[in-house]
Amino acid sequence: MLHDAIRNANSQHTVYFLLTAYLDTLQFGRKLPEHLTVLPIVGLRDLESRFEKLVAEFECELRLPNSHKFFVLLEAVGIFDLAVVRVCQLLNEHADQSADGSSSADPHRVQQANAA
């Protein structure tokens, strides 16, 4: 469900909001190091950095038999990977709209303003 919400997020704010809620649950369980779950997430660089650290943690856990953190890390890596991809997509969409001169203005309001 969280994967779908991130995949369909319409703004960066929504992605960060969903990740914040997810990290809150991880903090409660204390299954991951604090440097990975500390809030807030401060932009794309922070998000990418945490993703890289999660992957490194995951790779370490792969070497340990019967790791108690394996499934938590597997889930977190997937969620952060998707979040990084979605934020990048949203940034590219915004850049494309700016380059095209497109506006996010409501066309109905523009028509009303032109009619006045």
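**Helix packing and salt bridges**

Helix α2 (residues 12–29) packs against α5 at an angle of about 165°, and their axes are 10 Å apart. Axes here are lines fitted to C-alpha atoms, for helices over the stretch in contact, with angles running from 0 to 180 degrees between N-to-C directions. Helices are DSSP runs of H or I with at least four residues, numbered from the N terminus. That angle makes α2 roughly antiparallel to α5; angles over 145 degrees count as roughly antiparallel, under 35 as roughly parallel, 65 to 115 as roughly perpendicular, and the rest as oblique.

Before going on, a word on what you are looking at. This is a predicted model, where local features need pLDDT of at least 70 and side-chain atom pairs count only at pLDDT 80 or more, while totals for chains, interfaces and linings use all residues. Residues are numbered from 1 along each chain as its sequence is written, and side-chain values use heavy atoms, with hydrogens and water left out.

Back to the pair. The crossing of α2 and α5 is left-handed, meaning that the near helix is turned anticlockwise from the far one by less than a right angle; clockwise would be right-handed. On the α2 side the contact (heavy atoms within 4.5 Å) involves Q12, V15, Y16, L19, Y22, L23 and L26. Among their partners in α5 are A76, I79, F80, A83, V87 and L91. By type, the residues of this contact divide into 14 nonpolar, 1 polar and 2 charged. Nonpolar covers Ala, Val, Leu, Ile, Met, Phe, Trp, Tyr, Cys and Pro; charged covers Asp, Glu, Lys and Arg; the others, Gly among them, are polar.

Next, α4 and α5. The axes of α4 (residues 43–62) and α5 (residues 70–100) come within 9 Å and cross at roughly 155°. That makes α4 roughly antiparallel to α5. The crossing of α4 past α5 is left-handed. The contact includes L47, F51, L54 and F58 from α4, and L73, V77, F80 and V84 from α5. Its residues divide into 18 nonpolar, no polar and 5 charged.

Now the charges. Side chains of opposite charge can pair when their charged atoms come close. How many salt bridges does a search of the whole structure find? There are 5, where a salt bridge is a side-chain nitrogen of Lys or Arg within 4 Å of a carboxyl oxygen of Asp or Glu.

One joins D4 and R7, at 2.8 Å from N to O. Both lie in helix α1 (residues 2–7), 3 residues apart, about one turn of the helix. D4 counts as partly exposed at 42% relative accessibility, and R7 is also partly exposed, with a relative accessible area of 42%. For reference, buried means under 20% relative accessible area, exposed over 50%, and partly exposed in between, with a 1.4 Å probe and protein chains only.

Another joins D46 and R50, at 3.0 Å from N to O. They are 4 residues apart in helix α4, so about one helical turn separates them. D46 and R50 are both buried.

Then there is E61, in helix α4. Is E61 buried or exposed? At 9% relative accessibility, E61 counts as buried. Its side chain meets that of K69 in a salt bridge, at 3.8 Å from N to O, and K69 is buried too. E57, E61 and K69 are linked in a network of salt bridges. Leaving aside neighbours within four places in sequence, E61 is in contact with S67, K69, F70 and L73.

Definitions and conventions. Helices (H or I, at least four residues) and strands (E, at least two) are DSSP runs, numbered from the N terminus.
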